Number of protein chains: 2
Amino acid sequence: MDAEPEYQGPVVTVDSVLFQLIQNELYVLLTQRAYEPFLGEWALPGGYNHRGETTHEALAGVLGRKAGIEYRALPLTMQLYTFDNVARDPRGHTISVTYMSLAHKAVPAGSDTTQNPQFFPVSKLPKLAYDHKDIILYALQRLRSRISHTNAIFALMPEKFTLTQLQTAYEAVLGHKLDKRNFRKRWLALDVLAPTDELAKDGAHRPAALYRFKQRKLQTLDPTFA
Amino acid sequence: MDAEPEYQGPVVTVDSVLFQLIQNELYVLLTQRAYEPFLGEWALPGGYNHRGETTHEALAGVLGRKAGIEYRALPLTMQLYTFDNVARDPRGHTISVTYMSLAHKAVPAGSDTTQNPQFFPVSKLPKLAYDHKDIILYALQRLRSRISHTNAIFALMPEKFTLTQLQTAYEAVLGHKLDKRNFRKRWLALDVLAPTDELAKDGAHRPAALYRFKQRKLQTLDPTFA
């Protein structure tokens with residue numbers, strides 16, 4: 001950079017795409033705007049990135065204030081993309097550094113906030129403010145890619161789960177069914193799951209073995225996993 | 001975002017990580033700083049993102065002015081990450097939206113610029129300004145991941161190439177040797193290469209078939225490719 005005292009740049013904001021599974025379907029957290037522009041419309045939780053705070057700090061503040069979610073307790077967060085269309089905010093040039101988080105049973109604390117945080121199914125989104133629909137669709141594409149070559153799905157799962165639950169989670173994110181035999185064979189060959197000595201009991205089926213991830217942090221899967 | 005007229009945000013800059021292969025080794029484009037801070041040190045080509053211009057427009061300006069490179073002629077550019085450590089610039093809180101570009105035989109036009117643009121081997125980087133060494137190492141990691149599950153390598157290659165040249169390009173990026181038989185078998189099974197009806201002639205070896213990529217734009221490879 002050259003010395004340039006009169007620099008005028010875009011406004012910097014952060015937005016959060018927080019996904020979780022609810023009853024075998026992929027949901028995303030939205031808040032209802034309490035201010036203009038887009039007053040009353042649904043939007044991703046977002047806000048300003050002020051001078052002196054990192055984007056992570058800004059994000060933690062936004063999720064706490066607007067959705068009652070404790071950002072640092074979320075099992076996985078990844079920077080997604082910086083959206084920079086100069087016309088994306090009607091108030092003027094504003095870029096958004098977006099993050100994707102994955103959670104399991106995160107509950108927005110609606111009563112502490114002013115922005116009515118709620119989870120919506122990704123397949124049935126309401127009308128959204130700004131370019132937030134594009135951001136969610138981009139995040140979904142990245143999530144699908146991520147679970148195809150990393151263990152990121154762990155962050156959407158309970159600590160212990162059956163292989164059927166794991167497959168159901170994949171199917172919810174990918175939006176299509178997977179072959180049960182291939183799925184099991186591949187996952188058990190990957191050496192990222194450990195059996196527990198517990199069984200899941202549910203009425204209709206015979207008890208199934210419960211597994212856990214050996215590591216609950218992001219790792220790349222062997223690329224032969226489909 | 002809430003209405004907030006007194007917003008003061010970080011300065012926004014862009015930085016370019018431009019990789020290319022030179023004599024079977026991975027190189028990155030650096031420029032020599034003509035201003036404080038870090039006067040005289042090597043750095044990624046970078047500069048301010050002004051209000052009213054996208055990060056791509058800022059990047060195109062930077063690469064043209066500081067390195068004599070025509071950004072829009074580069075075969076592949078991907079947004080990498082937004083680096084946001086508040087102390088990364090000694091002048092004050094400055095975020096950098098970084099991009100990774102891949103090129104084949106891009107030549108910096110040194111005489112038109114003030115910043116001495118040169119390609120350096122990634123394995124022998126000089127002392128670098130800011131957090132630019134971290135940015136390059138992050139980009140290298142992403143490039144390795146990208147070529148493992150996409151056809152991104154096309155952007156580092158000439159239009160026509162032998163399978164040996166393709167393997168050599170992979171080895172240069174990955175930093176280790178690959179098994180020739182497996183490499184060929186996998187690539188030919190992927191259905192992303194087309195044979196040309198030409199042969200490469202070089203003295204010491206028997207002529208080898210020249211291939212081209214069916215598409216010279218980013219596509220995901222079958223995940224069974226290692």
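What covers the buried residues of α3(B)? I keep in mind throughout that this is a predicted model. Looking around the helix, I found that the cover includes β1 (11-22), β2 (25-32), α2 (132-149) and α4 (180-189), which belong to chain B.

**Entry on α3(B).** I noted that α3 of chain B runs over residues 163-174, which makes 12 residues, and that its first and last C-alpha atoms are 16 Å apart, close to the 16 Å expected at 1.5 Å a residue. The residues I found buried in this helix are L166(B), A169(B), A172(B) and V173(B). They lie on the same side of α3(B), because the arc that they cover around the axis is only 125°. This made me recall that an α-helix has 3.6 residues a turn, so residues three or four places apart point the same way. Just after the helix I came to G175(B), whose phi is positive, at about 80°.

**Entry on chain A as a whole.** I then turned to chain A, whose secondary structure I recorded as 4 helices and 9 strands, arranged along the sequence in the pattern β-β-β-β-α-β-β-β-α-α-α-β-β. Its C-alpha trace spans about 65 × 45 × 30 Å along the principal axes, and 38% of its 226 residues count as buried. Of the contacts in chain A with a separation of 6 or more, I noted that 67% are between residues 24 or more positions apart.

**Entry on the two domains.** Chain A is divided into domain 1, residues 11-148, and domain 2, residues 152-213, and the C-alpha centres of these two domains lie 28 Å apart. How many residues of domain 1 of chain A are in contact with domain 2 of chain A? I found 14, and they meet 12 residues of domain 2. On the domain 1 side, the elements that give two or more residues are β1 (11-22), β2 (25-32), β6 (94-103) and α2 (132-149) of chain A, and α2(A) gives the most, with 4 residues. Sorted by class, that side has 8 nonpolar, 3 polar and 3 charged residues.

**Entry on α1(A).** Helix α1 of chain A, residues 55-67, has 13 residues and reaches 17 Å from its first C-alpha to its last, close to the 18 Å expected at 1.5 Å a residue. Among its buried residues I listed A58(A), L59(A), V62(A), L63(A) and also K66(A). What covers them includes β1, β2, β4 (46-48) and β6 of chain A, together with β5 (76-83) of chain B. Just after this helix, G68(A) takes a positive phi of about 65°.

**Entry on R91(A).** Is R91(A) buried or exposed? I placed R91(A) in the loop between β5 (76-83) and β6 of chain A, and it is exposed, because there are 10 other C-beta atoms within 10 Å, where 12 or fewer is the cut-off for exposed. Its C-alpha atom is separated by 9.9 Å from that of V11(A), although these two residues are 80 residues apart along the chain.

**Entry on the core.** Last, I looked up the largest nonpolar core, which has 111 residues, and those with the most contacts inside it are V17, F19 and V28 of chain A and V17, F19 and V28 of chain B.

Methods. Residues numbered from 1 in each chain as written. Chains lettered and ligands numbered in written order. Predicted model: local features only at pLDDT ≥ 70, side-chain atom pairs only at ≥ 80, totals over all residues. Core = buried A, V, L, I, M, F, W, Y, C linked by C-beta atoms within 7 Å. Buried ≥ 20, exposed ≤ 12 C-beta atoms within 10 Å, placed from the backbone. Expected span 1.5 Å × (residues − 1). Arc of directions from axis to C-beta. Contact = placed C-beta atoms within 7 Å. Domains from an automatic or database assignment. Nonpolar A, V, L, I, M, F, W, Y, C, P; charged D, E, K, R; others polar.
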